[in-house]
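Subject: Handover of a structure

Dear colleague,

Please find it below, followed by an account of what was found in it.

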Amino acid sequence: MEKTTEKIINAVIYIRVSSQEQVRHGYSLDSQREHLIEYCKSKGYKVIDIYADEGKSARTKLKNRTELLRLVEDAKKHKFNRIVFWRLDRWFRNIKDYYKVQEILEDNKIDWECSSEEYNTTTSNGRLHLNIKLSIAQNESDQTSDRIKFNFAMMVQKGNIIVGQQGMPLGYKANGEAKNKRMIKDEETEHIVEDMWNNIQETGSIRQTLIYINQKYNLDIVYDSMRHYLMNEKYYGYYRGNENYCPAYISKETFDKVQSIIRHNVKFNKRHDYIFSGLLVCPICHHKLAGFTSKTTKSHGKKVEFRYPSYRCNLRYQQRCSYSKRPVEKTIESYLINNIEDIINTQVLEISKLNEKKEEPIKIDKEKLKQRMDRLTDIYLEGRISKEKYSDEFDRITELLRQADKIETEEKQNDNLNNIKDLFNKDMLSLYNNLDNKGKRMFWSSFIEYIEINENNEFNIHFKK
Ligand SMILES: [Zn+2]
């Protein structure tokens with residue numbers, strides 16, 4: 001009852017996903033939206049509007065800014081008195097722009113709130129803290145890990161609400177209404193779980209898999225949780241007598257194999273480091289191929305066991321992929337050693353051909369363009385040009401920047417390939433043969449992004465850009 005005397009908060013939600021994040025995974029915008037609506041509800045705020053800046057390509061970057069500018073316009077019209085966003089770097093990644101908009105907000109007595117962290121901008125300490133955070137956001141290049149953490153937290157949150165104390169193993173989420181809910185694979189963490197099961201089969205060590213997964217995805221899974229995941233029968237679809245309880249990640253056979261490793265705490269006697277781990281891509285489903293060792297026993301009077309480190313697509317065992325080949329590591333390695341020089345030469349040739357076509361590479365000064373863009377925004381925010389004029393000029397500068405980026409990428413690629421070429425001219429083979437398998441893996445992955453094997457066992461090598 002007393003609440004009625006309090007000031008009513010009319011909030012708007014601001015969410016943002018960069019074009020890069022959007023290209024990689026299309027879900028972050030929804031996660032932020034869902035989370036912030038919940039957040040406002042829990043605080044008793046009335047949600048007036050949602051502003052979503054979604055970047056896809058250079059063209060939609062205009063839309064990017066437009067949503068923020070629409071918010072600023074609405075702020076001037078006093079449509080709301082609070083802005084809510086998830087993280088500071090969703091709001092601004094640069095100090096100058098932040099204060100530009102902040103000034104307008106203060107003039108109109110509008111404040112903002114960050115759902116993941118508390119900021120107090122009324123004290124000098126608070127402002128200092130904010131400045132530091134903004135500087136970090138400005139320089140931060142890799143947001144991927146944070147984004148996964150965010151979605152991960154969302155997933156855990158959802159799982160707790162729906163499943164209760166039982167919990168939901170990593171890689172699953174609930175689907176359907178309360179009475180009819182089912183466990184389905186969670187596309188947000190599916191790749192992590194696949195990676196986890198591939199890795200435990202390669203390393204045979206919970207500890208190593210734990211370190212690998214935590215480092216790669218910047219997670220904080222503890223040893224016991226990892227152990228529980230790896231002992232959870234749901235991963236092969238089984239729960240309390242039901243063999244089709246949920247979609248499986250692995251076969252029962254694989255599960256049993258991993259259990260015996262965990263139970264006996266034995267390491268594979270001849271643990272093999274797979275040279276092309278993480279580098280080979282399935283030609284059919286495009287998931288990474290996993291290393292495994294195929295064994296054949298031949299008896300010529302005596303029993304002799306042969307081991308062939310090979311690769312396969314684990315999705316085949318879930319009937320989700322039809323790729324049945326199992327390329328042998330030695331074959332791939334020989335192929336690469338024998339052909340890499342030719343492949344690189346062809347690539348260099350193709351790129352230099354492309355460059356020849358353009359008679360004179362156009363020189364575009366990116367820094368100047370960026371400055372011009374900043375000035376344009378200043379002028380617009382000061383109300384000295386119309387929105388239409390701003391849009392037109394924004395489009396023009398964006399297109400020039402896109403061209404500059406394209407030229408830069410091509411030049412960089414050419415440099416890279418020439419460096420690799422140099423590397424191979426220097427007695428590479430003797431150097432290479434002295435490496436152990438881990439070293440070999442590092443060697444190949446230092447310049448190869450991924451290798452696609454087609455159905456005819458031919459290799460398509462994608463170099464790092
Ligand atoms: Zn596949």
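The notes that follow begin with the overall picture and then turn to individual parts.

**Overall picture**

Please bear in mind that this is a predicted model. The protein contains 16 helices and eleven strands. Of its 465 residues, 22% count as buried. Among contacts between residues at least 6 apart in sequence, 61% join residues at least 24 apart.

**The nonpolar cores**

The largest nonpolar core has 18 residues. Within this core, the residues with the most contacts are Ala11, Val12, Ile13, Tyr14, Val84 and Phe85. Two or more residues each are given to the core by strand S1 (10-17), helix H2 (28-43), helix H3 (61-76) and strand S3 (82-85). Strand S1 provides the largest share, namely five residues.

Tyr14 shows how this region is connected to other parts of the chain. With its neighbours within four places in sequence left aside, Tyr14 is in contact with Tyr51, Leu71, Ile83, Phe85, Arg90 and Trp91. There is also a second, separate core of 17 residues, which includes Trp197, Ile206, Ala248 and Phe255.

Ile37 is a residue of helix H2. Is Ile37 buried, exposed or partly exposed? Because Ile37 has 15 C-beta neighbours inside 10 Å, it counts as partly exposed. Its contacts, leaving aside neighbours within four places in sequence, are with Ile13 and Val47. The C-alpha atoms of Ile37 and Val12 are separated by 9.7 Å, and the two residues are 25 residues apart along the chain.

**Helices H9 and H10**

How do helix H9 and helix H10 lie relative to each other? The axes of H9 (residues 206-217) and H10 (residues 223-230) come within 10 Å and cross at roughly 110°. The two helices are therefore roughly perpendicular to each other. On the H9 side, the residues that meet H10 are Ile206, Thr209 and Leu210; on the H10 side, Tyr223, Met226, Arg227 and Leu230 take part. The residues of this contact divide into five nonpolar, one polar and one charged.

With 14 other C-beta atoms within 10 Å, Asn214 is partly exposed. Not counting residues up to four places away in sequence, Asn214 touches Leu219, Asp220 and Ile221. Asn214 and Ile192 are 22 residues apart in sequence, and their C-alpha atoms are 9.9 Å apart in space.

**Helix H13**

Just after H13, Gly383 takes a positive phi of about 80°.

Most residues other than glycine have a negative phi. Two residues are mentioned here against that background.

- Lys109 is not a glycine, yet it has a positive phi of about 55°. Lys109 is found in the loop between helix H5 (95-107) and strand S4 (111-114). It is exposed, with 9 other C-beta atoms within 10 Å.
- His286, likewise a residue other than glycine, has a positive phi near 65°. His286 lies in the loop between strand S7 (280-281) and strand S8 (290-300). It is exposed, with 12 other C-beta atoms within 10 Å.

**Further loop residues**

- Ser324 lies in the loop between strand S9 (302-312) and helix H12 (329-357). Because Ser324 has 10 C-beta neighbours inside 10 Å, it counts as exposed. Ser324 and Glu455 are 131 residues apart in sequence and 9.5 Å apart in space, C-alpha to C-alpha.
- Glu187 is found in the loop between strand S6 (182-185) and helix H8 (190-203). It is exposed, with 12 other C-beta atoms within 10 Å. Glu187 and Lys173 are 14 residues apart in sequence, and 8.9 Å separates them in space, C-alpha to C-alpha.

With kind regards

Note on methods: Residues numbered from 1 in each chain as written. Predicted model: local features only at pLDDT ≥ 70, side-chain atom pairs only at ≥ 80, totals over all residues. Axes fitted to C-alpha atoms, helices over the stretch in contact; angles between N-to-C directions. Helix = DSSP H or I, 4+ residues; strand = E, 2+ residues; numbered from the N terminus. Parallel < 35°, antiparallel > 145°, perpendicular 65-115°, else oblique. Contact = placed C-beta atoms within 7 Å. Nonpolar A, V, L, I, M, F, W, Y, C, P; charged D, E, K, R; others polar. Core = buried A, V, L, I, M, F, W, Y, C linked by C-beta atoms within 7 Å. Buried ≥ 20, exposed ≤ 12 C-beta atoms within 10 Å, placed from the backbone.
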